[in-house]
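Have the coordinates open in your viewer and follow along.

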Amino acid sequence: MDSIANVKSTVPIGNTATATVAPAFAVAPSSAKFQVTAAPASVYAGAFSKIVAPSSISTSGTGTTILNMTNTGNDSMSSVVFTDNLADAGVEYVPSSCHWNINDAPIGTNECHFTGNAINMTAFPGLAPSETVQVTFDFTVPADATPGPH
């Protein structure tokens, strides 16, 4: 048996439904037609943003990074791996501060960790269309950091 996506039909397919009611009276059958078309191709697309707060951090201070990825495509993403090269910015990750959530759900125990520059989300279930995954983590600015933009 072919799946609907594989059926090649240009002839509408008819379907008739009936109803029986009590007390008994005549109910006319009803029918409807529909056209079978090929399933749309998967589109993988997304919108990404990065926020650092506060926007000004003193030496020896702590900041928070917030990464957001929204699936704007029509199919699920099975994985999302963020990268953030903290060494380029001259800052250090605060251990155990990385957490993630989907669609503003409570963060709970959804943990993530750095492997090099990659941020790996523990038990990530995938990202359905229109869902947003958010990763937050803290970093520290060394006492000897050079003032200026990073």
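The model you are looking at is predicted.

**The sheet around this pair**

Strand 8 and strand 9 (residues 118–121) run antiparallel to each other and are joined by four bridges. They belong to an open, three-stranded sheet with antiparallel pairing, in the order 5-9-8. Strand 5 and strand 8 (112–115) each have a single partner strand and stand at the edges, so one side of each has no neighbour in the sheet.

**Aromatic rings**

Five aromatic pairs turn up in a search of the whole structure. One of them joins phenylalanine 114 and phenylalanine 137 edge-to-face, with 5.1 Å from centre to centre and 85 degrees between the planes. Phenylalanine 114 sits in strand 8 and phenylalanine 137 in strand 10 (residues 132–140), so this pair ties together parts that are 23 residues apart in sequence. Together with Tyr93, Phe114 and Phe137 make up one aromatic cluster.

**An aspartate in a loop**

Next, look at aspartate 84, found in the loop that runs between strand 5 (82–83) and helix 1 (86–89). Its relative accessible area is 8%; buried means under 20%, so aspartate 84 counts as buried. Which side chain does the side chain of aspartate 84 meet in a polar contact? The partner is the side chain of lysine 50, at 3.0 Å. Setting aside neighbours within four places in sequence, the residues in contact with aspartate 84 are Lys50, Thr65, Phe114, Asn117, Ile119 and Phe137. Phe114 and Phe137, both on that list, are also the edge-to-face pair described above.

**How confident is the model?**

On average the chain has a pLDDT of 80, and 76% of the residues score at least 70.

| Element | Residues | Mean pLDDT |
|---|---|---|
| Strand 1 (lowest confidence) | 13–17 | 59 |
| Strand 4 (highest confidence) | 62–71 | 92 |

Over residues 1–11 the pLDDT stays under 50, and for this stretch the model has ten contacts beyond four places in sequence.

How values were computed
Residues numbered from 1 in each chain as written. Heavy atoms only, no water. pLDDT = per-residue confidence, 0-100. Helix = DSSP H or I, 4+ residues; strand = E, 2+ residues; numbered from the N terminus. Contact = heavy atoms within 4.5 Å. Buried < 20%, exposed > 50% of the residue type's maximum accessible area, 1.4 Å probe, protein only. Polar contact = N/O pair within 3.5 Å; in protein donor to acceptor, adjacent residues only side chain to side chain. Pairing = 2+ DSSP bridges. Phe/Tyr/Trp six-rings, centres within 6.5 Å; stacked < 30°, edge-to-face > 60°.
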